[in-house]
Structures are given as C-alpha cells and as structure tokens.
Amino acid sequence: MRRGSVAQLVAIGIVCGGGAALVAILIPWLPDPASRQAGRIDFVFWFVTVICIAIFALVAAVIIYSVLKFRAQPGEDMDGPPIHGNTGLEIVWTAVPAALVTAISIVSAIVLAKNDHIPKASAAGDPLHPLVVEVTAQQFAWSFKYTGFGDLTSATLKLPLNKPVKLRITSLDVNHSFWVPEFGQKQDAVPGSWNNLVITPDKNGTYPVICTELCGLGHALMRSRAEVMPAQKFLSWAKGQQKKLGGPAGSSGKAVFTANGCDSCHTFTPAGANKKIGPDLDNLRQEAQRAGQPLEQFIRTSIVDPNAYVEPGFTKGLMPTSFSSLPKAQLDALVSYLAGGAKK
Amino acid sequence: MTAVTHDEVHAGPAPPPTGWRRLLAPGWLRVPWMTALFFGIGAGITVLVRWLEGWDPIWKGSVITTVELTAVPFGFLAGIGGFDYWMRYAAGSPTRPEDHSGHGARSWRDYFRINTDHKVIGIQYLVTTIFFFVAAGLLAMLMRAELARPGMQFVDNQTFNGLFSVHAALMIFLFVIPAFAGIGNYVIPLMIGAPDMAFPRLNALSFWLLPIAGFMMLGSFLAPGGAFASGWTGYAPLASTHQPIGSVFFNMGVQWAGASSIMTALNFLVTIITMRAPGMSFWRMPLLVWANFTTSLLVVIATPFIAGSQFFVMFDHVMHTHFFDYQAGGYPLGYQHIFWFYSHPAVYIMMLPGFGIASEVISVMSRKPIFGYRLMALSLLAILVLGFSVWAHHMFVAGMAPWLRVPMMVTSMVIAVPTGIKVFSWLATLWDGRIHFDTPMLFALGFVSMFVIGGLSGIYLAAVPIDIHTSDTYFVVAHIHYVLFGGSLFTIFAGIYFWFPKMTGRMYDERLGKLHFWLTFIGFNLTFFPMHWLGIQGMPRRVADYVPRFADLNMFISLASFGLGASTLVFVYNMVKSWRFGPAAAANPWRSLTLEWQVSSPPPIFNFDEIPQVVGNPYEYGVPDARHAVFNGDRQVELEEVPTR
C-alpha cells in the first residue's frame, strides 16, 4: 500500500467516524435520566457507542475506498492479485474485537451489579430504607401496594426522591413488563413469581409507566404514572391516603376509585376523570337500564364480573376481572360513590 | 427395485391415465377428494371418541379444528402424491421405477406437481417463499398504515396484534428460512458435483409442507376470533390461555414448517457428506456449502425444541394441560427457555446461508480469492457452537435466575468475534480487487454494511444494562430488521440475482436490478433507522397506539415503508419479465470457478453429463491457469494439483 492511499483511507474513516459521532451527539438519543440506575446505564451506552463508532468508521472507510478505487473498467476481465490470507492480520482482527467485547462485558457486569444492589433494611424499621412496593400487573392495569404503609394500594406509583426503592413485581394473568424509560429499569411481571427491581429516583417529576411485554388486546393502553416527590411529601401522601381509604363508606369511595385506577380508563365527573377507554360512568343509569338491572346491583356486578354485561361499542375482556378481590368495605364504598355520582 | 437405465429416464413418464382413473393418479384431481376423505376420518374419529367417552358437546369446534389442522394437510399431501412411492413399497406393490422421470420441468404446470428434481424444487421453493414474502410485506404495510397516526384508524386491537404476529411468522418460517433452503436446494448439488440431492422424494415432500404451513398461518385470519395475536414468539401463558382458536393455526403451522426445515436439513447433510464429486474434500468446498452444512446442523439440533414448545402451548390451550399454568404448578418461564433454545440458533439459521452467498458473490465479483478461507469456514463452526449458549440473552428482563445474565452476556459478546472475522475477511477480499458492481454485488455490499450496523446494535443489546432499558422496544424492532432485512433479505436478493441466469437460462434486467437495489437500500434505512431512537426514547414494540409526541416520526417511517414496499414491485416485475423474455444467459456470465457455472444454463437434467474431478480450491481468481474442477474431456490437467499459495 502506498502512503497516499493510506492517507486517503484514513481521511474517509475520519469523515465517516465524524459523521457518526455527530449523529450520536446532535440527536438527543437518551431520555433525561431520572434515577441513579439510568445514569449508570447511560454511561455503558456511551462507552459502547464510542467503540461502535470506531468499528463503523473502519468498515465504512474500507468499503467506500474499495468502491471508489478498485472499480473494474467496463469490459475489463483482469483478476485481482491472488492473496489468500494474512495470518498476522487475521490474528489482529480476532484479538482486538475479543478485547473490546471483554471490556464491554466487564463494564456491563459492574454496572449491573451496582444497579441490582439493594441496601439492607435498616434496623430501626424505617419504611423508606428501602421502600418496598409490590407491583401487580394484570390485563390491562397496574396496581402498587406499599407494604410498609399498612398495605396501602395506589394505581399510580408515588416515589420519594433519592431513596432506594425495591419493587417486587408479579402478575395475575399473563406476562407483562414494568418500564419507566426515564428510570432505565425494566422487569417482566410473571404470574406466579416475584421479580425484583431496584430504582433510586433522583429527579422530581411525573414519568410514564409502560407495559412492554405483549399482554393482549389492551397492551398499548396499559399505562400508568410514576410520580417522584420529596420524601416528606411522599410520607404525608401515604399517611393521608391510609386515613382516607380506611374512613367511613361515604367519604372513602372517591379514594377507592382513584386508588384502583378507575380514572385511567373511565369518565366520571365527580372524580374529575375524563378517559374514554371504558364506558362513561356519568351515564351509569342508562347503561343499567340497557342491561335491565337495578342501578346498584348493576354497578356491583360490572366491577366484580365485568364481562357479564358489556356496553355496546366496547370490547369484551378489556376490563380487568381482578376487582372481584376488593375488600368488601371498599367495594361497598365504591358502589355507593358511583351510584351517588351518576347523573339522573 | 429395477435398475434404471439412462434411456428409460429420458423416455419420460408412463402415459397419463384416462377417464375416471385420472382421479386416482397423483395430482390436483386427487387432492380434493383425498382432502375431504382425511377431513372425514379426522372428524369421525374425534366424534366417535367423544361419543364413547360421553363428552358434551360431541362436535366441539376447537377440538375438531385442532385435529383437522393435522388431518387435512395429510390428505392434501396424499392427494398430490407425496407418499405414493413409499405407500406402494410398504404395501408390496411394484414401485414405479419411473421416479426420475419427474426430473426437469417441461412446462409451468410441472412446477405445480410433485417433482423430485432438486432444480425444480429449488425454484418451487423460491417462488413460493417470494409469494409469502409479498403477503407478509402487505401485512406490514397495513400495520404501518395504522401506526402512521396515534389512536386507532383502520383496524382494531385484536387485528393489529394479529397483523404483526402473522407478518413475523410468515417472514421467518415461510420466507427467510425456506428461501435459503430454496437457493441451497438449487445450488448445493451443482456446487459439489452431485446429480441431485441424496433423498429426492423426501426433498419433494419437504417442499409441499411449506404451502400448507403458509396458508395455515394466513388462514388464521379467517378463524373465529381472528388470527393468532401473541406475537411470533407466542409467549405463554398469553398464547396458551388468552387466545382465540387462531393460535392453534400458529402452533400447527410451525410444526409443518419445522418438519419441512428438518427434512431439508437432513437432506443437505447427507448430500454434502456423501455425494461430493471425486476430489471435493471439505477444504475445497465453496463457502456456501460450508454455510448450508453448519445451518443444517443447527436446524436438525434446534428445531425440535420449537416443535415441542408449540405442542405444549397447544396442549395447554386445547387439552387444558398445565405446562405453563402457574396456578396448577406450571412454569411460565419454561416456555421462553425452550422457545429461545430454538429461536436464537434460528437467528443463525437465517443468517449463515446469507454469509455463504455473500462469500460467493464478493469473491467472484472482486476477482480475488476469498480472504482467509479456512478461518471463514471455522468461524461458521464457531457460530454454530456458540449459538447454542446464548439463548437467554432474550430473557435478561424476563425474571429468570439473575446469575444467568452475566454468563449469557459474555457468550453473546464472544459471538461478535467470529462474526467480525467474517466481516473483516470480506473487506480484505474487496481490497485491491477488480470489482464489478453488478446487482448481486450491490446487494452483497449492502448486506455487509447494513449487517455491520445490525451487529453493532446487537452489541448494545448484549450488554445487560442497556438491554434492560431497550428490551421489548422499537430499538429491538430496528435491530432485528437490520440483521434480518439488511442481513438475510439482502443476501437472498444477491443470491437470486446471482443464480438467476443459471436457474432460468436467461439474464435479468441489470438496470431494473440496480434500481431495485437503490430503492430498497434507501427505503430500508429511512424506515428502520429512526426506530432506534423511538425505542430508546420510550416506544414499546407491538403497540397499535402510542403517545402523540412520536406521531411525526411514525408518519415519516410509514411513508418510507410504503416506498420500501413499492420497491418490491420492481423486483417482481424484473423477475417475471426476464424469466419470460430476458436474453439467453451464457453458461458462466460471472466467470466463476465453482462447479455450477461449468455446466450449461440451465444445467442438464442430471446436472453433469460427465462426472467432474475436483482438483483445486474454489476461489483461485488471479492464479494463472487455476482450475477448481476438470471434466473427462480435459484429462491432461486432471491429476496435477494446482498450486494454491
């Protein structure tokens, strides 16, 4: 190889690598990290990206250079030089990639171990060290249970800032997967087993909770929210919620309604809910008439056995059947709340 | 068995039967009544058993459907004549020694019959797989139409889930895997100097299983409740307990396609091991033969696992067994382990033959020997072995034993080494060559560059922490399309263009071929590259609806995908037009040294009128007077070894 051709090859490589680097830098590829784990994942991402850009630049340079320089003339029937191999080169391109993937493996393994690390529960019984949340997935809703707070349940995930959280994830029916892109962490929910996931949120805000494992008809709609707030605010929310859910039937209906995520699919004016995935609960009276049932009985049946009657225009099987396991006091509160709030 | 002389073979088939006897002869007249007969037998046995057991109802749709998905295809195969020879043999009737009269195709009708000629079967394979490629591509177009805007416009959720499930299942089981089997079927016996495959009748049968599998999967859209909608991965318990009866169409479709795959692989193995021409040692085999050899080993070892996994799911679904039902002590994750123990090696089943095609095309078109021939062959074997140790990298977030993740990451990373060796060797083959940029070469180079991008995104996915973030998102969708479309499909196109003159005896239209390449290459990148970003940012895969902030990019992707879809029209038009009207092709238009180019285009009915004697390596371009093989006619160089280095 002449010196001039080496220079041209290197120049093409630099242009290709530079172009790839610009694509990597100018486009905001990663979501803004909102957890310590996501920060570490981002580090691995950039580590791999640098190596990949170098390999891409090398390959692209050789292909482009060959296309430009080694093109046969029309009608030319010459052969190239009969080079069968080069042991030195072959050793290099076996050893260098091996070294690079070893480096990536080591970095990944270290980050994985750090991201999996759960601090030991404190002796003082501090419920925030770590905060344990049981995540239950079902077609097509999420439910979050705070075992350290009297089994308080919520349809959205509230988390204290800068505290390690241990999620224990399971499913009631098929496989689902818990993912918050900003947290970078993901874990499948598998029926019959409890899978752990650690998250240490480090930025206040509201983030989407997304189901990423195909779980049936409503898979695309199976979403919730994760709200990160200062620890103090989290504690007062948890205490307040505990009080509301345990209160007398009249006052706790609304809390049961939001805690079970009814508002993520239904419209119900008294609760400020306005989603249209399920039937409009403001019109419960007309719907009960169509089903030919007394109002309260209709509401109760529709909660515990949603497929008994399906409002025209909606898909059977979309509403979770698991609300049949609501404690009786909460179910009563919810039924009377809905019956009371339905339009005349 | 009577010995067959050459003259009898050319005498053609026995005179066709006349009158009502035509209904008894193998062929399309026998298909309808035999299919109906088998349907009746299947239904009759089912009803009889249910009646004897006192089960209610006696006629149960899901049970009948499941039984008929086995019985009806056997009726079809018996009707078309897939079992005739063996049945006669088993019954002690005189077998017809005319079997080889099925060799060669005299009119287009011969492609719709049982035919034992590997060249006819190869073309049957390719035309059938391209049909299913177009069908699966149309399903993708429907999906992209729905995804062009957030919210639901054209289809409902169940249909959308069916669309991507059937799209993937057809592309994998009815296009990529059998298309490579089709190219191999045509080329491998020629390349090793054999007159046919080792088991021609098995070869014919394995082809006819394919349309059965394909129409079964497509037909699932007509089943009550719609098509199977649990993805081509069909994870239990979603697939086993929450799906309409269409799910069984997938379970059984996989069995038929898998059986076809296994039969072909066995055929390749025996052919390659036992039927090489004199002098064709393993180290003189072209790399496509090596690639099909390793692929066939993968198929034979791995495919029974997916067959098992789909039977388990079907039993859970129809017979209420509890393999994956956790409430009865079943183990949902078990499905994923069994499934991926096939389906990761399947990724290499879908890629190694492509490596072989790329090696042939790049060496011939660069006019240089393939760089590092032995290491190229050995790296195929390395991928074969390592391929069985990486399946759980699909399950980093699945909730399997956490300790399993790091070892699986390391083995997945190590696979990059033999793959890298292949890429660098192709580049070194290009270097200092005299490169001819005909359409096959464009697709081969497109393959190398796109496969590198797909391989690099594979490194991201192998690194556990990044995979935890990107798993089950559009990043994965982008990655698989870079390796399966940019990788496998580009090499299939390269192979079809490369061997088109050999298969048809006519030349394809070079200008249309180049147009096809550039439309595909550009459309492909515009469609799939942006998906990387969508996935990292938070768009999960397999959703019909998404958040509004991804709307613009999805619209862009949909428009690009329609352009990509349209590029296929250029390909199909070129193939049809050139096959019918193209100029006659020379025996060896690429000036290749390998054996298939040393015979006429298309080859004689038994491939070689004289048995070739292999005397050297297959890629000795640039070596003066190098020969890969000689025929009896030129004995003077027969026994002289050509220097290789």
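Which domains does the domain assignment give for chain B?

A: Before the tour, two notes on reading it. This is a predicted model, where local features need pLDDT of at least 70, side-chain atom pairs count only at pLDDT 80 or more, and totals for chains, interfaces and linings use all residues, while side-chain values use heavy atoms, with hydrogens and water left out. Residues are numbered from 1 along each chain as its sequence is written, and chains are lettered from A and ligands numbered from 1 in the order in which they are written.

Now to your question. Chain B is assigned domain 1 (24-91), domain 2 (117-350), domain 3 (380-583) and domain 4 (586-645); bounds like these come from an automatic or database domain assignment.

Let's zoom in on how domain 2 and domain 4 of chain B meet. Taken over C-alpha atoms, their centres are 36 Å apart. On the domain 2 side, 23 residues are in contact with 22 residues of domain 4 of chain B, where contact means heavy atoms within 4.5 Å. Together these two domains of chain B bury about 1,400 Å², with carbon and sulfur atoms giving 58% of that. Buried area here is the accessible area (1.4 Å probe) that two parts lose on being put together, summed over both.

What about the polar side of things? Between domain 2 and domain 4 of chain B there are 0 salt bridges, a salt bridge being a side-chain nitrogen of Lys or Arg within 4 Å of a carboxyl oxygen of Asp or Glu. The count of residue pairs in polar contact there is 10 (both at pLDDT 80 or more). A polar contact is a pair of N or O atoms within 3.5 Å; within protein, one must be able to donate a hydrogen and the other to accept it, and residues adjacent in sequence count only if both atoms are side-chain atoms. On the domain 2 side that touches domain 4 of chain B, the elements giving two or more residues are α5 (118-147), α6 and α10 (287-319) of chain B. The one that gives the most to that side is α6(B), with 6 residues. Helices (H or I, at least four residues) and strands (E, at least two) are DSSP runs, numbered from the N terminus.

A nonpolar core is a set of buried Ala, Val, Leu, Ile, Met, Phe, Trp, Tyr and Cys residues joined through side-chain atoms within 4.5 Å. The largest one has 308 residues, and A:Y146, A:L167, A:F178, A:F257, B:F173, B:W426 and B:W499 touch the most other members. Helix α6 (residues 157-192) of chain B gives the most to this core, with 24 residues.

Stepping back, chain B also meets chain A. That contact takes 87 residues from chain B and 79 residues from chain A, and the two chains bury about 7,200 Å² between them, 69% of it on carbon and sulfur atoms. On the chain B side, B:F371, B:F424 and B:W431 lose the most area to chain A, together 10% of what that side buries. The count here is 3 salt bridges. B:R405 forms a salt bridge with A:D116, with the closest N and O atoms 2.4 Å apart. Several helices of chain B each supply at least two residues to the side touching chain A, among them α6, α15 (416-430) and α16 (439-462). This time α15(B) gives the most, with 9 residues.

One last stop in chain B: B:S363, in helix α12 (residues 352-366). B:S363 is buried, with a relative accessible area of 0%; buried means under 20%, exposed over 50%, and partly exposed in between (1.4 Å probe, protein chains only). The side chain of B:S363 reaches the backbone oxygen of B:K368 at 2.7 Å. Leaving aside neighbours within four places in sequence, B:S363 is in contact with B:K368, B:P369, B:I370, B:T429, B:Y619 and B:Y621.
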